[in-house]
Amino acid sequence: MGQFQINLWCYPWDLVDEGIDDVLDRLRGEAGVTGISIATHCHGVDQLRPHAGVSPHRFRSRGGAQFQPDADAYLATRFRPVVAEWLRKSDPWTAISEACAKRDLSLRAWHVCMHGSATVDRYPAGAVKDVFGEPNPSWLCPANLDVRELLRAMVADLSGRFPFEAIELEQVGFPGGYPPRAHPMAGFSCGRSGDWLRTLCFCESCRQLAGRDGVDVDAAAAATRRHLERVFVAGEPLDVPPEELTADEPSLSIYVDWRCRQVASLVQHVRSACRCRLVIHRDGDRYRGGADYSAIASHCDALITVCDDETPGRLEAAVAQAADEVGGVDRVEVGLSACTPPCVDSAGLVAAVKKTAELGVRSVNICQYGLIPEKRLEWIRQASRYARREV
Ligand SMILES: [Zn+2]
């Protein structure tokens, strides 16, 4: 990869509503990007769309699969892709693929894996369940075999039919790696470990498979319940980091290790069906989300580390950590944002992209076409010009 790559994240409905050719002409000409990364599967959105003439300005969708599945690809799976309602019977991917090829823009799939209420509603048996047995309304369990087969089949289906340069998997692990997008009400704080314990999945799949692997799930569940009930009764946060809590709770520490193995083996399973490069979004860690990126690294082509924090030194640290996990900066990509917050002007974005290039990274993704006012395409163009000069 010699040339510096700048991809813009994009929702397919924004392309379709604004006109695929018009948008791609604008991205090529005004933003100077080398590619786009378009959602193939996502969680629900309630999006303010600022672009001229786009209708509606407030777009709402329950999310789901952003493509029409090829039925033959799912003959062996019990779950099927839940197609987003806005698509009805249409499928924009042939038109998108051809329009990208015509303009020499690379095309990526941006696949949000476990976070998605549309799929959980259709297949409640696949949901994450907390220690009290209560289902998570928007998160599928990555240990559930039907969930795993569905994800693998979608990746095989997409990479087999369309000329993706890469498929990016986001939120491929358990919940907890990301700040929640919606804020459920609570009249008190559970603290860092309290919040973390609430994310732990004890669904039937986790209980059965961990038990099969020799993990004492009942002991891990008992410890989880004991700590949470104490927090609920006292109303006092359990604010030690999970790393500290688990040092005194061997059953939880073993359960954390088992969860990490589940996520890494899922990525390995998906990769065996993927016919293009596989790129994993780096979110969370061994505790939050169950993601051990050093283990995941051997099953993917690159890690994207999202850094939407302009604090000095933060980008350098994020790139160094990801490079350490994947064994080299040549397999690190960086995600940045042109949205406010964090980005307030072109200078911040230019500085971040320039710094990324100086660190030896050769691929940046920027968030996100449909969310930013059109004027900011100029910010992206300036950033890409500086980065190319740096390389
Ligand atoms: Zn589970």
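Good morning. The model before you is a predicted one. I begin with the chain as a whole. The protein chain contains 14 helices and 13 strands. A compact globule of 391 residues would have a radius of gyration near 21 Å, and the value for this chain, 21 Å, agrees with that. Along its principal axes, the C-alpha trace spans about 60 × 50 × 40 Å. Of the 391 residues, 56% count as buried.

I turn now to charge. How many salt bridges are found in a search of the whole structure? The search finds 31.

Asp46 forms a salt bridge with Arg58, with the closest N and O atoms 2.6 Å apart. This pair links strand S3, which holds Asp46, to strand S4, which holds Arg58. Asp46 is partly exposed, at 46% relative accessible area.

A second salt bridge joins Arg288 and Glu243, at 3.3 Å between the closest N and O atoms. Arg288 lies in the loop between strand S10 and helix H11, and Glu243 lies in helix H9, so the pair ties together parts that are 45 residues apart in sequence. Arg288 is partly exposed, at 25%, and Glu243 is also partly exposed, at 34%.

Within helix H13, Lys355 and Glu358 are three residues apart, about one turn of the helix. Their side chains meet in a salt bridge of 3.7 Å, N to O.

Finally, Arg108, Glu165, Glu168, Arg277 and Glu333 are linked in a network of salt bridges. Thank you.

Methods
Residues numbered from 1 in each chain as written. Predicted model: local features only at pLDDT ≥ 70, side-chain atom pairs only at ≥ 80, totals over all residues. Heavy atoms only, no water. Helix = DSSP H or I, 4+ residues; strand = E, 2+ residues; numbered from the N terminus. Rg over C-alpha atoms; globule rule 2.2 N^0.38 Å. Buried < 20%, exposed > 50% of the residue type's maximum accessible area, 1.4 Å probe, protein only. Salt bridge = Lys/Arg side-chain N within 4 Å of Asp/Glu carboxyl O.
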